[in-house]
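User: Hi! I'm new to protein structures and would like to learn how to read one. Could you walk me through it?

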Amino acid sequence: MSTQTEITRLQTARNTIRTKLVDLGLVQSTAKLDACATAIDGIANRGAVSATVQEGDTYTIPAGYHNGSGTVSGVSGGGSYNLQSKSITPTKAQQSVTPDQGYYGLSDVTVAAIPENYADTSIVTAGAADVLANKVIVDASGATVAGTMANNGAVAATIDGLSATSYTIPAGYHSGSGTVSLTNDIETALAAI
């Protein structure tokens, strides 16, 4: 075999390899044989890659050589879903409980007992008599209690010094706009003393 025949054979092999590598986006159309060899050496052998994706998810196929026996299968309705179990502790703020990445949904959620500091009502000092009637509070034991304090609104009274010499303010809530006034009869009552 002549040298020219061998060079032609190598150039043909290089062109075949280079054309395939250009199609794969790994080399330029002017790449030499050594650049083609480097590109081929950089192709990872992925073998048989297999993956399962859930509805709405995607799977990025890794770059490299695949032997053709790998599979990507989807899990659809009624399938064997990968579900997650979660535990949470109540907080004062609203919480959203969602599955972590890689889980299709939640199999169950366990909510812990209310933390002791949220349920502690031992510092409550108001009682039913301290709260307006028909208003509800929680007492020191944690029980709900209806208030019993009367709502007197704006109480009005008159003292005349004769028949009415004092006024007893009724127990309960007052709006602050009530009045107790003296009549002109007070001068007569004072003159009789």
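**Reading the surface, shape and core**

Analyst: Happy to! The protein chain exposes about 14000 Å², and carbon and sulfur atoms supply 53% of it. Keep in mind that this is a predicted model.

User: Which secondary structure elements does the protein chain have?

Analyst: Helices and strands are the pieces to count. Here the protein chain has 4 helices and 10 strands. Along the sequence they follow the pattern α-α-β-β-β-β-β-β-α-β-β-β-β-α.

User: Is the protein chain a compact globule or more spread out?

Analyst: Compare the radius of gyration with the globule rule. The radius is 45 Å, well over the 16 Å that the rule gives for 193 residues, so the protein chain is more spread out than a compact globule. Its C-alpha atoms fill a box of roughly 155 × 35 × 30 Å along the principal axes.

User: What share of the residues is buried?

Analyst: Buried means under 20% relative accessible area. In this protein chain, buried residues make up 13% of the 193 residues. The largest nonpolar core has 5 residues: L21, V27, A31, C36 and A39. Leaving out residues up to four places away in sequence, V27 touches R18, L21, V22, A35, C36 and A39.

User: And which residues form a nonpolar patch on the surface?

Analyst: I17, L24, L26, L33, I40, I43 and Y65 do, with about 600 Å² of accessible area together. One of them, I17, is found in helix α1 (residues 3-23).

Conventions:
Residues numbered from 1 in each chain as written. Predicted model: local features only at pLDDT ≥ 70, side-chain atom pairs only at ≥ 80, totals over all residues. Heavy atoms only, no water. Patch = residues over 30% accessible without salt bridge, like charges linked within 9 Å, V, L, I, M, F, W, Y side chains within 5 Å. Areas by Shrake-Rupley, 256 points an atom, 1.4 Å probe, with all protein chains shown as cover. Salt bridge = Lys/Arg side-chain N within 4 Å of Asp/Glu carboxyl O. Helix = DSSP H or I, 4+ residues; strand = E, 2+ residues; numbered from the N terminus. Core = buried A, V, L, I, M, F, W, Y, C linked by side-chain atoms within 4.5 Å. Buried < 20%, exposed > 50% of the residue type's maximum accessible area, 1.4 Å probe, protein only. Contact = heavy atoms within 4.5 Å. Rg over C-alpha atoms; globule rule 2.2 N^0.38 Å.
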